[in-house]
Amino acid sequence: MASPQSIPATFAPQNILLIKLRHHGDMLLTTPVINALREQYPAASIDVLLYKETRPMLQAHPAIRHLHVIDRNWKKEGSWQHIRHEVALLRAIRGQHYDLVINLADQWRSAILTGLSGAKIRIGFDFLKRQNALWRHAHTHRVSTRDHSELHTVEQNLAALRPLNIPDSGFPASMHYSDSDWQQTQAALAKRQTLPKSYIVIQPTSRWVFKCWEDDRVAGLIDALAGYGCDIILTAAPDKKEQAMIDNILSLSHNPQAISLAGQLTLPQLAALIDHARLFIGVDSAPMHMAAALNTPCIALFGPTKLKQWRPWGENNQVIWAGDYAPLPSPDSIDTKTETRYLSAIPLDKVVNAARKYLDE
């Protein structure tokens, strides 16, 4: 059950810490909470605690004062050095004198840091797997998770603001980048060809192969879009398997306007690229969430992941779900190391037609 204590309407925090320790896409989907807090408390300073590798997702957000980071490589430095890092992090958090901490994470580490932060108000979720005294002590207010299975991840995150009487809807996700990021992205494009006036971004890769479409289908899509006068820019993470997938797709395509920037851009630079694109087409991935947050027209290809929780958040997008064309296994049963591409059930013409509708507007 959620904690019964109420927070006075006069409560006006000056220093707020938000905690989320997950992947890149998860961090982007915390931005509606950040935006809601900025609207509710315009004079407050807002800091975030996150994993170091996800920092690029939030580093340019104008509402954030400071990012505290946890480096997952600390544990490789030996026990004593690891402890020193953790103690330094706790001191840094306590030194900011937060009066409000919102813990969106479910890890014990996040609860311990919340409990030791010194904040008067400490909000967390009342997870079923955390029904014990330590979790209750770490948080002064706990928000029920009973309806989480019916909510998008953004709605789940916003629910943490209920004790503050902040509405849990009406706040967009946002992805930010600097002018320098866009300049460097343009420079990367100029190295490949004349700077395109109009282009489509396709992100066909994921670190999990089961989230990917077939290479020949992606190549067919690229070829089908050749008549629109748009360059096709393929993107991917700087991973050897993803790079190989991009190379194979290009080898199967006959569209001379298709180029690769795979692994060549930082995440903020990729955001700049997507922001200036005519259309984004991609699988369930962080770049897909970036496109939705940037309000770039977005076609998202989904397989056996929890669509209700992870669909693109926004209005300017379309989801094409493999489950409409073939049976899919339960998302909770997936072996993430499988080489099976469950998106193979998605017909090429469905994606081509969806893209043409956006491009013909």
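What volume does the second largest pocket have?

Mentor: The second largest pocket has a volume of about 200 Å³. It is lined by 13 residues, and S206, R207, V209, K241 and E339 are the closest to its centre. The lining divides into seven charged, three polar and three nonpolar residues. (Asp, Glu, Lys and Arg count as charged; Ala, Val, Leu, Ile, Met, Phe, Trp, Tyr, Cys and Pro as nonpolar; the others, Gly among them, as polar.)

The model is predicted: local features need pLDDT of at least 70 and side-chain atom pairs pLDDT 80 or more, while totals for chains, interfaces and linings use all residues. Residues are numbered from 1 along each chain as its sequence is written, and side-chain values use heavy atoms, without hydrogens and water.

A pocket is an open set of points on a 1 Å grid over the protein atoms alone, with protein on both sides within 12 Å along at least five of seven lines; in a cavity a 1.4 Å probe fits but cannot get out, and lining residues have an atom within 4 Å of a point. Points are joined across faces, edges and corners, and probe spheres set on them fill the volume.

The structure holds one cavity of 30 Å³ or more, and the largest cavity has a volume of about 60 Å³. Its lining consists of I202, Q203, P204, W213, V218, L221, I281, G282, V283 and L301. Eight of these residues are nonpolar, two are polar and none is charged. At least two lining residues come from each of β7 (199–203), α8 (215–224) and β10 (279–283). β10 gives the most, with three residues. (Helices, H or I with at least four residues, and strands, E with at least two, are DSSP runs numbered from the N terminus.)

β7 and β10 belong to an open sheet of six strands, in the order β9-β8-β7-β10-β11-β12, with parallel pairing. (Two strands pair if DSSP finds at least two bridges between them.) β9 (258–260) and β12 (317–321) are the edge strands, each with a single partner, so one side of each has no neighbour in the sheet. On average, neighbouring strands of this sheet are turned by 20 degrees against each other, direction ignored. (Axes are lines fitted to C-alpha atoms, for helices over the stretch in contact; angles run from 0 to 180 degrees between N-to-C directions.)

Four bridges link β10 to β11 (298–302) in the parallel sense. I281, part of the cavity lining, stands opposite I299 in β11. α8 packs on the sheet, touching β7, β8 (231–234), β9 and β10, and its direction makes about 175 degrees with that of β7. (Contact means heavy atoms within 4.5 Å.)

There is also an open sheet of six strands with the order β3-β2-β1-β4-β5-β6 and parallel pairing. Its edges are β3 (64–70) and β6 (141–144), each with a single partner strand, so one side of each is without a neighbour in the sheet. Its neighbouring strands are turned by 20 degrees against each other on average, direction ignored. β1 (15–19) and β4 (100–103) run parallel, joined by four bridges, and L17 stands opposite V101 in β4. Helix α2 (31–40) packs on this sheet, touching β1, β2 (45–51), β3 and β4, with its direction at about 165 degrees to that of β2. Helix α3 (79–95) lies across β1, β2 and β3, at about 160 degrees to β3.
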